[in-house]
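Hi everyone, and thanks for coming along. Please take a look at the structure on the screen, and then I'll walk you through it.

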Amino acid sequence: MSDTQLTVTLSGGGLDDARAVVRALEDVFGAPDGRPADERATVRTATFDSPPSPQAAPSPARAALSAPVTVTVQGTPQAVEAASTTLSRAFSTRDEGAAAGDQERERQLLLVP
């Protein structure tokens, strides 16, 4: 397991919406530790091992959502930037804010149908 990870936290929307978000990130980060599976969960998470220099997917397939989904991505600055850019290309997004530390960054996006 890599020491460099990207953690994705999703709230809002349904299980299919969470899975669509995770699928959009798989081209960049590979398969997560597990795919969202609990129908009743209100918050879902996925953790990806991140390559040292991740690059955003050039043009992921546009995906439809059934409801707005709030996504928080947390990891290295490069991983967060690659994930944010990939999600912005795959969904209609609004940047809801960011926080930066010495070696880690967090960004929150609202994905809208």
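**A walk through the fold**

Let's begin with two residues: both Phe29 and Phe48 are buried, where buried means under 20% relative accessible area, exposed means over 50%, and partly exposed is in between, with a 1.4 Å probe and protein chains only. Before I go on, please keep in mind that this is a predicted model, in which local features need pLDDT of at least 70, side-chain atom pairs count only at pLDDT 80 or more, and totals for chains, interfaces and linings use all residues. Residues are numbered from 1 along each chain as its sequence is written, and side-chain values use heavy atoms, with hydrogens and water left out.

Back to our two phenylalanines. How many aromatic pairs does the structure hold? It holds 1. The ring centres of Phe29 and Phe48 are 5.9 Å apart and the planes meet at 50°, so this pair is tilted. The rule is that rings of Phe, Tyr and Trp (its six-membered ring) pair if their centres lie within 6.5 Å; planes under 30 degrees apart are stacked, over 60 edge-to-face, and the rest tilted. The pair links distant parts of the chain, 19 residues apart: Phe29 belongs to helix α1 (residues 15–29) and Phe48 to strand β2 (residues 43–49). Helices (H or I, at least four residues) and strands (E, at least two) are DSSP runs, numbered from the N terminus.

Now the sheet. In which order do the strands lie? The 5 strands form an open sheet in the order β2-β1-β3-β5-β4, with antiparallel pairing. Here β2 and β4 stand at the edges with a single partner strand each, so one side of each has no neighbour in the sheet. On average, neighbouring strands are turned by 20° against each other, direction ignored. For angles in general, axes are lines fitted to C-alpha atoms, for helices over the stretch in contact, and angles run from 0 to 180 degrees between N-to-C directions.

Let's step across some of those strands. Two strands pair if DSSP finds at least two bridges between them. β1 and β3 pair in the antiparallel sense over 5 bridges, and Thr7 stands opposite Gln74 in β3. Next, β3 and β5 are antiparallel too, paired over 7 bridges, and the bridge partner of Gln74 in β5 is Glu106. Then 8 bridges join β4 to β5, again antiparallel, with Ala99 opposite Glu106. A hairpin of 4 residues joins β4 to β5.

What about the helices? Helix α1 lies across β1, β2, β3 and β5, running at about 10° to β2. It has 15 residues and reaches 20 Å from first C-alpha to last, close to the 21 Å expected at 1.5 Å a residue; the expected span is 1.5 Å times one less than the number of residues. α1 is mostly covered, with 11 of its 15 residues buried, including Leu15, Val22 and Phe29. Those buried residues pack against β1, β2, β3, α2 and β5, contact meaning heavy atoms within 4.5 Å. Just after α1, Gly30 takes a positive phi of about 80°.

Helix α2 (residues 77–90) has 14 residues, which should span 20 Å, and its end C-alpha atoms are 20 Å apart, which agrees. Among the buried residues of α2 are Val80, Leu87 and Ala90. The buried residues of α2 pack against β1, α1, β3, β4 and β5.

Finally, the charges. Side chains of opposite charge can pair when their charged atoms come close. There are 4 salt bridges here, each being a side-chain nitrogen of Lys or Arg within 4 Å of a carboxyl oxygen of Asp or Glu. In one of them, Arg107 meets Glu81, the closest N and O atoms being 3.3 Å apart. That pair links strand β5 to helix α2, 26 residues apart in the chain. Asp95 and Arg107 also meet in a salt bridge, at 3.8 Å from N to O. Which three residues are linked in a network of salt bridges? They are Glu81, Asp95 and Arg107. Is each one buried or exposed? Arg107 is buried at 15% relative accessible area, Glu81 is partly exposed at 35%, and Asp95 is exposed at 51%.
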